[in-house]
Amino acid sequence: MEFGDKIKELRTKNLLTQEKFAIRLNVTRQAVSNWENNRNLPDLELLILISSIFHISLDELILGENNVNNMTEKLIKDGSKTRQAKLNMITTLIGAFLLLFGCACIFIKTNSVEYIDTSGILHENFYLLPIGFLFIIAGLIVFLVTGIRFIIDSVRNKK
């Protein structure tokens, strides 16, 4: 049974009109109508409220009689989108850290003083330049890969 059919069945079994049901959920009657006609689906907070109003478990409300319906597919899709968004955020933060660390290395190198001590040894922190450029390049690669993956995922989701 589809989610819309399940909502309609529960609502009519409890002698609620769409208007009364909408008032209890603090939504519009049109929202309830859209759910019942499978044009739209409620978010997770409303699902919890609906299950408490009808005194049924979320499993029974979401899964219904068969294992997969449109609500189950929506929740699975939303979960994968959330994981992808977290991954994109983490990789963006890593890329930003690499870029900032690389810029800091180059800044320190340009503002440091080289000197020769009394025994004739040159003291210079030359290693900061290649390390700085390495981190900048790594940060740019992370940003590039994240951006390309985002574009590819956007194209796939449109199909």
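A contact here means heavy atoms within 4.5 Å. With that in hand, take the contacts between residues at least 6 apart in sequence: 57% of them join residues at least 24 apart. Before going further, note that this is a predicted model, where local features need pLDDT of at least 70, side-chain atom pairs count only at pLDDT 80 or more, and totals for chains, interfaces and linings use all residues. Residues are numbered from 1 along each chain as its sequence is written, and side-chain values use heavy atoms, leaving out hydrogens and water.

The protein has seven helices and two strands; these are DSSP runs numbered from the N terminus, with helices being H or I of at least four residues and strands E of at least two. Reading from the N terminus, the order is α-α-α-α-α-α-β-β-α. The accessible surface, from the Shrake-Rupley method with a 1.4 Å probe and, for residues, only the protein chains shown as cover, comes to about 10800 Å², and 65% of it belongs to carbon and sulfur atoms. Of the 159 residues, 29% are buried, meaning under 20% relative accessible area (1.4 Å probe, protein chains only).

Now find arginine 11 in helix 1 (residues 3–13). Arginine 11 counts as buried because its relative accessibility is 8%. Leaving aside residues up to four places away in sequence, arginine 11 touches Leu16, Thr17, Gln18, Phe21, Val32, Glu36 and Phe54.

Val32 and Glu36 lead us to helix 3 (residues 29–36), where the buried residues are Ala31, Val32, Ser33, Trp35 and Glu36. The buried residues of helix 3 pack against helix 1, helix 2 (18–25) and helix 4 (44–54). After helix 3 comes asparagine 38, with a positive phi near 55°.

Methods. Buried < 20%, exposed > 50% of the residue type's maximum accessible area, 1.4 Å probe, protein only.
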